[in-house]
Amino acid sequence: MSANLPPANSLEPPALITVLVRSASARRLPMLELALASLARQSWTGIEVLVMVQSPDAGFTAGVEAAISRIAWPATTTARAIAVSVEPGVDGRSQLMNAGVAVATGRYLAFLDDDDIVYPQAYARLIGRLRDNPAAVMAAGGCELVRVVQTEAGMQMIGPAPPPFGRDHVKFDLLIGNFIPIHSYIVDLARFPRGSVIFRDEAVPLEDYDFLLRLAAGGAFDLSLTDEMICEYRLHDGNTIWSPEGTPIPGRPVVQRAAALLEGVASTTAFTVTRAEWLEAVAREGRAAAAPQARRACAAAAPDSRFLHRRADDAYRLMEATGPLYRGLARLYMALQGWRRG
């Protein structure tokens with residue numbers, strides 16, 4: 001679909017989307033300017049850009065304001081910087097997001113780190129999906145992993161690129177790990193209470209994964225665009241989670257502590273399963289069955305944690321087909337399965 005085409009349900013008037021951009025270091029100002037330029041090229045009309053700046057000194061503040069002023073913003077886009085005071089030595093990424101949510105005025109909410117970019121069609125496509133899917137609290141697209149190095153001339157891409165995020169996943173895969181980068185989705189604040197959009201300090205640097213688990217428990221996800229690349233996650237020496245080769249950075253105590261916290265959160269998270277999400281998951285399992293190598297790779301990655309399996313699939317079909325008798329029949333079915341396994 002061309003970025004110049006109107007979003008779905010285009011007779012509905014444009015709604016404002018607020019994009020929270022995090023910036024915590026003056027050394028990343030060249031990357032911040034590229035991130036802001038990607039927002040200025042969006043095909044969606046009606047964007048509020050809030051650059052949340054961590055404890056800036058005078059030079060950092062001037063650099064951010066200069067970067068904003070150099071962008072050729074459309075008339076329908078506003079952009080401003082907001083300084084957020086964070087204690088020295090503290091990773092303030094959650095505090096930056098929470099401060100931005102408190103002042104955001106848009107119906108839709110998006111996030112962007114200063115070293116990443118979104119493609120021109122991103123917000124039009126995602127808002128179109130939310131308008132077509134009234135049950136969804138969020139819509140996500142695919143995200144390219146791009147290896148970059150900063151030079152005097154700017155950001156230089158180097159290859160080869162690792163496989164992208166998001167492709168061929170369903171919401172329940174969040175119980176295994178995070179496959180949805182923070183800038184690859186938007187939230188509809190008319191469907192997910194603004195007061196629930198909270199990023200926790202104790203989950204840093206996995207605060208976005210922690211938030212996604214709570215978001216997933218609060219409503220349906222629209223992941224129909226995860227095969228369509230709408231953004232770039234840029235891998236470089238300054239990443240906190242991923243190496244420039246696209247592999248997780250091991251051994252950092254802060255990451256290990258956050259991962260331990262998130263294991264507990266995932267183990268107690270209960271998702272509301274809509275029929276559409278279940279059918280999407282079943283379809284995904286069917287596609288995996290048609291590709292044995294991919295299926296073996298998925299099983300090897302999480303052999304004991306798959307949400308779907310044959311017995312659950314059969315039990316759900318049985319429950320759907322038998323109406324009010326489904327509970328007793330399902331119990332009988334599972335008892336028989338247990339007897340057969342024994």
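# Briefing: strands, salt bridges and a cavity

Leu50 stands opposite Arg80 in strand S3. The chain crosses from S2 through helix H2 (residues 58–70) to S3, and this β-α-β crossover is right-handed (with the strands pointing away from the viewer, the path from the first strand over the helix to the second runs clockwise). This is a predicted model, in which local features need pLDDT of at least 70 and side-chain atom pairs count only at pLDDT 80 or more, while totals for chains, interfaces and linings use all residues. Residues are numbered from 1 along each chain as its sequence is written, and side-chain values use heavy atoms, with hydrogens and water left out.

**Strands and helices**

- Strand S2 (residues 47–54) and strand S3 (residues 77–84) run parallel and are joined by 8 bridges; two strands pair if DSSP finds at least two bridges between them.
- Helices (H or I, at least four residues) and strands (E, at least two) are DSSP runs, numbered from the N terminus.
- Helix H4 (residues 122–132) is largely enclosed by the rest of the structure, because 9 of its 11 residues are buried (buried means under 20% relative accessible area, exposed over 50%, partly exposed in between, with a 1.4 Å probe and protein chains only).
- The buried residues of H4 include Tyr123, Arg125 and Arg131.

**Salt bridges**

- The structure holds 15 salt bridges, each a side-chain nitrogen of Lys or Arg within 4 Å of a carboxyl oxygen of Asp or Glu.
- Arg22 and Glu207 form one of them, at 3.1 Å from N to O. Arg22 lies in strand S1 (residues 17–23) and Glu207 in helix H5 (residues 207–217), so this pair ties together parts that are 185 residues apart in sequence. Arg22 is buried at 7% relative accessible area, and Glu207 is buried at 1%.
- Arg28 pairs with Asp114, with the closest N and O atoms 2.8 Å apart. Arg28 is in the loop between S1 and helix H1 (29–40) and Asp114 in the loop between strand S4 (108–113) and strand S5 (117–118), so the pair ties together parts 86 residues apart in sequence. Asp114 is buried, at 2% relative accessible area.
- Arg129 and Asp132 form a salt bridge with closest N and O atoms 3.6 Å apart. Both lie in helix H4, 3 residues apart, about one turn of the helix. Arg129 is partly exposed at 21%, and Asp132 is partly exposed at 39%.
- Arg200, Glu202, Asp210 and Arg214 are linked in a salt-bridge network.

**Cavity**

- The structure holds 1 cavity of 30 Å³ or more. A cavity is a set of points, on a 1 Å grid over the protein atoms alone, where a 1.4 Å probe fits but cannot get out; lining residues have an atom within 4 Å of a point.
- The largest cavity has a volume of about 30 Å³, a volume being the space filled by probe spheres set on the points, which are joined across faces, edges and corners.
- Val170, Lys171, Phe172, Phe221, Leu223, Glu277 and Glu280 line the largest cavity. Strand S9 (220–235) and helix H7 (275–289) are the elements that give two or more residues to this lining.
- The lining divides into 4 nonpolar, no polar and 3 charged residues (Ala, Val, Leu, Ile, Met, Phe, Trp, Tyr, Cys and Pro count as nonpolar, Asp, Glu, Lys and Arg as charged, and the others, Gly among them, as polar).

**Backbone details**

- The peptide bond from Val204 to Pro205 is cis, with omega near 10°. Pro205 is in the loop between strand S8 (185–188) and H5.
- Ser55 has a positive phi of about 40° although it is not a glycine. Ser55 is in the loop between S2 and H2 and is partly exposed at 37% relative accessibility.

Conventions:
1 Å grid on protein atoms, 1.4 Å probe; cavity = no way out; pocket = protein on both sides within 12 Å on 5 of 7 lines; lining within 4 Å.
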